[in-house]
Amino acid sequence: MVAAPILLITGAGGAFGAMLKVTPIGDYLGTTLSALGLGIFMPFIVSAALKTAQGSTTVALVTTSAMVAPLLGQIGLDSELGRVFFVRVIGAGAMTISHANDSFF
């Protein structure tokens with residue numbers, strides 16, 4: 001009973017991320033933000049925007065990682081240490097705004 005909502009939210013976040021990945025919005029966002037030269041701040045901005053828009057930390061984490069992971073080479077984070085920073089930056093972005101529908105709240 002306690003774990004079911006977490007599993008459902010994580011699954012929904014993964015499905016949402018997969019949908020964004022197959023639609024042109026992911027490519028558009030990736031190329032637009034990559035062209036700005038934001039580097040490591042790009043995953044933070046995407047994660048923070050998703051968290052602010054819909055409120056769930058879990059969905060923001062899973063969706064951002066699914067959407068931005070293919071762009072690691074373009075933003076200069078394709079090394080092992082770059083992936084570590086990538087994960088930490090997404091986590092920081094997902095903790096920006098807290099809504100009542102978030103487990104963290």
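Is F41 buried or exposed? F41 is exposed, because its relative accessible area is 52%, where exposed means over 50%, buried means under 20% and partly exposed lies in between (1.4 Å probe, protein chains only). This report describes a predicted model, in which local features need pLDDT of at least 70, side-chain atom pairs count only at pLDDT 80 or more, and totals for chains, interfaces and linings use all residues. Residues are numbered from 1 along each chain as its sequence is written, and side-chain values use heavy atoms, with hydrogens and water left out.

**The chain as a whole**

The protein chain contains 5 helices and 0 strands; helices (H or I, at least four residues) and strands (E, at least two) are DSSP runs, numbered from the N terminus. Read from the N terminus, the order of elements is α-α-α-α-α. The protein chain has 105 residues, of which 32% count as buried. Its accessible surface is about 6,100 Å², and carbon and sulfur atoms account for 73% of that surface. Such areas come from the Shrake-Rupley method with a 1.4 Å probe, and for residues only the protein chains shown count as cover. Among contacts (heavy atoms within 4.5 Å) between residues at least 6 apart in sequence, 70% join residues at least 24 apart.

**Helix 3**

Helix 3 covers residues 41-54, and F41 belongs to it. The expected span of a helix is 1.5 Å times one less than its number of residues. For the 14 residues of helix 3 this gives 20 Å, and the end C-alpha atoms are 20 Å apart, so the two values agree. The buried residues of helix 3 are M42, P43, V46, S47, A48, L50 and K51. After helix 3 comes G55, whose phi is positive, near 95°.

F44 also lies in helix 3, and F44 counts as partly exposed because its relative accessibility is 30%. Apart from neighbours within four places in sequence, F44 is in contact with V89, A92, G93 and T96. On the surface, F41, F44 and I45 form a nonpolar patch with about 270 Å² of accessible area together. Patches are made of residues with over 30% relative accessible area and no salt bridge, where like charges are joined within 9 Å and nonpolar side chains (Val, Leu, Ile, Met, Phe, Trp, Tyr) within 5 Å. A salt bridge is a side-chain nitrogen of Lys or Arg within 4 Å of a carboxyl oxygen of Asp or Glu.

**The nonpolar core**

A nonpolar core is a set of buried Ala, Val, Leu, Ile, Met, Phe, Trp, Tyr and Cys residues joined through side-chain atoms within 4.5 Å. The largest one has 14 residues, and M42, V46, V68, L72, I75, L77 and F86 touch the most other members. Helix 3, helix 4 (57-68) and helix 5 (80-93) each supply at least two residues of this core. M42 is placed in helix 3 and counts as buried because its relative accessibility is 1%. L72 touches L77, D78, R83 and F86, residues up to four places away in sequence not being counted.

**Pairs of residues separated along the chain**

V87 is found in helix 5 and is exposed, because its relative accessible area is 56%.

| Pair | Separation in sequence | C-alpha to C-alpha distance |
|---|---|---|
| F44 and F86 | 42 residues | 8.6 Å |
| V87 and P43 | 44 residues | 8.8 Å |
| M42 and I90 | 48 residues | 9.2 Å |
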